[in-house]
Protein chains: 2
Amino acid sequence: MIHRSPNHEEAGVSKATLSRMPAYLRYLKEESVKGVEYVASAAIAKDMAVSAVLVRKDLALVSSVAGRPRLGFEVNGLIADIEKFLGYDNVSDALIVGVGGLGRAFLGYEGFKNYGLNIVAGFDVDPRLVGTKIAKKPILPLDELTNFVRQRNINIGIITVPKGAAQGVCDRMVEAGLKAIWNFASVKLSVPNGVIVRYEDLAASLAMLSGELFNVLDKK
Amino acid sequence: MIHRSPNHEEAGVSKATLSRMPAYLRYLKEESVKGVEYVASAAIAKDMAVSAVLVRKDLALVSSVAGRPRLGFEVNGLIADIEKFLGYDNVSDALIVGVGGLGRAFLGYEGFKNYGLNIVAGFDVDPRLVGTKIAKKPILPLDELTNFVRQRNINIGIITVPKGAAQGVCDRMVEAGLKAIWNFASVKLSVPNGVIVRYEDLAASLAMLSGELFNVLDKK
DNA sequence: GATTTATCGATAACGATATATCGAAAGGAA
DNA sequence: TTCCTTTCGATATATCGTTATCGATAAATC
């Protein structure tokens, strides 16, 4: 999960660019298994919904070798660069607090490993859950959060509790030493400097979807 | 789900603005139950991480009454305006295809109703699931999708199948007449004009999170 | 080897979004 | 009533991300 890119120093890459990287990676892997050696930015652009120029700009930020005129980018080299950049070569551990519907689904979902994330345990307050396992991962009581984080040297916590409990969980995560929080409860969390929060706000997303839907239905 | 706002005609509101509306709404409701009658844009801004100017700009787009100098915005009126704007007063039905971990969680999650979305049924290809119910909602075979959509006049479909199956499901949704698709499989979907797709790409989100994490850990 | 052409990379233009500034309005205080 | 202060709303400015343009490069072809 930790980035060890060769060439992006402290510059920092925009979130927009970052968010496209997994899609580039997926496409490149598909081409790679087909035996394709070089792909043009235009081909990548066509596969996802972006412009070729943007693809080149993005790739310029992470690629260790330049694209070759008339050929394009070298597929396998680029895959390696992006994986290194995204830290997928270096799967990092995370834990999840809130083993309800969504939390349970996440614990059981093996796909996160492909994105460099390994959820190693769940935490919950419900005593009926504590002590059980989901997908071979232990469910522990919240009290053990701090110890667990310190022992296993974990940086990332995922919050999937109801929104009323989110800030409390967040505080404990911060106290335990977590540095990044992926929050699925739709509340704003306050955290000290140095801790980052990423919101996965389904309500916001849904608002955008229905907003667009409105425009479409209304326009005819 | 369909917007019936009094004052934003065909103008269209930016996605960014749209995405903040649920957060405004949440804050305003919290204040409302406390008995607060007026709130200043600065107070709202402080609660979430945006500037007061931005709050005023956003609210100007949806509010039927202007904010009052020295007092701020009238809480309850504003709540009504936003709910109307977002269509939360008019819950619309949706269906979900893919009753795996995430799909199951969504079917069981009652909270979507608060956001104007009512998931009425799940669809899956697994014959062991078909015929069962989750949270009182029937699981149906994919073949019945088209009939179901037409009979119930549904506009929104949610895709929670593995990515290999996503485009196929998407095609069937389009054929059935769905107008908006909320896609949780991280693949780009191709749809004809007039159908809108909203991507919920956890891989992209995770990339952003870890990107920020990298910056934080690296900066010290 | 010369020519053609697909493709890149850099720079500049554009558009959308967020911020800063400032005059105006209205509640509250003198 | 008059003045002061808060807060709004409008306009202008800045920032960020995307797109457009164009010369340069190197593979492919003749």
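These notebook entries record what I looked up in a predicted model with a chain A and a chain B.

**Ground rules.** I took the model as predicted, with local features needing pLDDT of at least 70, side-chain atom pairs counting only at pLDDT 80 or more, and totals for chains, interfaces and linings using all residues. Residues are numbered from 1 along each chain as its sequence is written, chains are lettered from A and ligands numbered from 1 in the order in which they are written, and side-chain values use heavy atoms, with hydrogens and water left out.

**Entry 1, the interface.** I began with the contact between the chains (heavy atoms within 4.5 Å), to which chain A and chain B contribute 57 residues each. The two chains bury about 5300 Å² between them, 72% of it on carbon and sulfur atoms, where buried area is the accessible area (1.4 Å probe) that two parts lose on being put together, summed over both. On the side of chain A, the residues that lose the most area to chain B are A:Leu206, A:Leu209 and A:Phe214, together 12% of what that side buries.

I then searched for salt bridges (a side-chain nitrogen of Lys or Arg within 4 Å of a carboxyl oxygen of Asp or Glu), and the rule finds 2 across this interface. In A:Lys15 and B:Glu212, which form a salt bridge, the closest N and O atoms are 3.9 Å apart. For secondary structure I used DSSP runs numbered from the N terminus, with helices (H or I) of at least four residues and strands (E) of at least two. Helix H8 (202-219) of chain A is among the elements that supply at least two residues of the side touching chain B, and the largest share, 17 residues, comes from H8(A).

For accessibility I counted a residue as buried under 20% relative accessible area, exposed over 50% and partly exposed in between (1.4 Å probe, protein chains only).

In helix H1 of chain A I looked at A:Tyr27, which is buried, with a relative accessible area of 8%. Leaving out residues up to four places away in sequence, A:Tyr27 touches A:Val39, A:Ala43, A:Ile44, A:Asp47 and A:Met48.

Over all chains, my search of the whole structure gave 14 salt bridges. A:Lys29 and A:Glu83 meet in one of them (2.9 Å, N to O); A:Lys29 lies in helix H1 and A:Glu83 in helix H4 of chain A, so the pair ties together parts that are 54 residues apart in sequence. A:Lys29 is partly exposed at 36% relative accessibility, and A:Glu83 is partly exposed at 22%.

Phi of A:Asn153 is near 55 degrees, a positive value in a residue other than glycine, and A:Asn153 is exposed at 64%.
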